[in-house]
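Please look over the sequence and the structure below before reading on.

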Amino acid sequence: MYLLIDEKGRHYLVRGDSDVHTNYGVIKADDLKEENIGGEIETHTGRRFFLVRPDALDFIKKAKKGPQSVTLKDCGLIIAYTGVRSGSKVVDAGTGSGITSMFLANIVYPERLTTYEVREDFSEIARENFRKARIDNIELKMKSIYDGIDETDLDLINLDLPEPWRVVEHARSSLKVGGFLVSYSPSIEQSKKFHDELEGFESETVECLVRNWDMKIVRPYSRMLGHTGFLTFARLIKR
Ligand SMILES: C[S@@+](CC[C@H](N)C(=O)[O-])C[C@H]1O[C@@H](n2cnc3c(N)ncnc32)[C@H](O)[C@@H]1O
């Protein structure tokens, strides 16, 4: 796979096995080769494209979306607040389109991440996304996490589902002491109900707002994403 970036900064992920037709003309498949990575190639009309080797994040950004996914800014907080790293043992639910699963699997690699989902249609979208991104350290289980967690000795259980408070008791036995239970909820009422079940955990709830700047006119863009969700980070300190 190759990542093409045009003069306006638009990204295109291409396989490289056929010519690429763009608004700026045709890129020949013959130009999409290993030795051109890191350089520039031209369309038949002479327009420039940068050729870059894609990484996991490029595939995650282009992944197909079914249900609402966690944004990258919120995924970033999960890593910062829990210290999850290569080798960490992680369970994630619900899978949805698998965006959070892919993001976390990329971090814990070569360890495997397990993700729980109840809907067949979403699991198919997620499996297709994992395949396209060539992320193969994810096990997708068709099971409600409200019925229990099979894995033990976990560093992190990450939740993005409607009733996270129904997972707290299972998390208490599946997490290491010192491990984290994280819940992402769009509504503060869900976060409060979750928070009130957290006996044996220390916790904090945060919201992350990112304001992008237009650096040509050196001021923030007038429009911004005002709200995504609340994140509660709960650390097990007593079983
Ligand atoms: C908002 S989506 C998750 C999106 C996901 N974080 C992503 O980045 O693509 C919520 C998902 O939780 C699933 N779900 C709901 N209840 C569940 C349960 N009890 N166990 C496992 N998954 C569940 C839903 O089917 C849905 O796919």
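For the count that comes next, Ala, Val, Leu, Ile, Met, Phe, Trp, Tyr, Cys and Pro are taken as nonpolar, Asp, Glu, Lys and Arg as charged, and the others, Gly among them, as polar. On that basis, the shell around the ligand divides into eleven nonpolar, nine polar and three charged residues. This is a predicted model, in which local features need pLDDT of at least 70 and side-chain atom pairs count only at pLDDT 80 or more, while totals for chains, interfaces and linings use all residues. Residues are numbered from 1 along each chain as its sequence is written.

**Around the ligand**

- The shell holds 23 residues, of which Ser69, Gly94, Gly96, Ile99 and Asp160 come nearest to the ligand; a residue is near a molecule or strand if its C-beta atom, placed from the backbone, lies within 6 Å of it.
- The elements that give two or more residues to this shell are H3 and S8, where helices (H or I, at least four residues) and strands (E, at least two) are DSSP runs numbered from the N terminus.

**Domains**

- The chain is divided into domain 1 (2-54) and domain 2 (58-236), with bounds that come from an automatic or database domain assignment.
- The C-alpha centres of domain 1 and domain 2 lie 34 Å apart.

**Strand S1 and its partners**

- Strand S1 (residues 2-5) runs antiparallel to strand S2 (residues 11-14) and is joined to it by four bridges; two strands pair if DSSP finds at least two bridges between them.

**Nonpolar cores**

- A residue is buried if 20 or more other C-beta atoms lie within 10 Å of its own, exposed if 12 or fewer, and partly exposed in between, with C-beta atoms placed from the backbone.
- A nonpolar core is a set of buried Ala, Val, Leu, Ile, Met, Phe, Trp, Tyr and Cys residues joined through C-beta atoms within 7 Å.
- The largest such core has 46 residues, and those that touch the most other members are Val90, Met102, Leu104, Ile157, Leu181 and Val182.
- The largest share of this core, seven residues, comes from H3.
- A second, separate core of seven residues includes Val20, Ile27, Phe49 and Leu51.

**Backbone details**

- Most residues other than glycine have a negative phi, and most peptide bonds are trans.
- Ala93 and Gly94 are joined by a cis peptide bond with omega of about -15°, and Gly94 is placed in the loop between strand S7 (90-93) and helix H3 (99-108).
- Another cis peptide bond runs from Tyr109 to Pro110, with omega near 10°, and Pro110 lies in the loop between H3 and strand S8 (113-117).
- Arg134, although not a glycine, has a positive phi of about 55°; Arg134 lies in the loop between helix H4 (120-133) and strand S9 (138-142), and counts as exposed because it has 10 C-beta neighbours inside 10 Å.
- Asp153 has a positive phi near 60° and sits in the loop between S9 and strand S10 (154-159), where Asp153 is exposed, with 9 other C-beta atoms within 10 Å.
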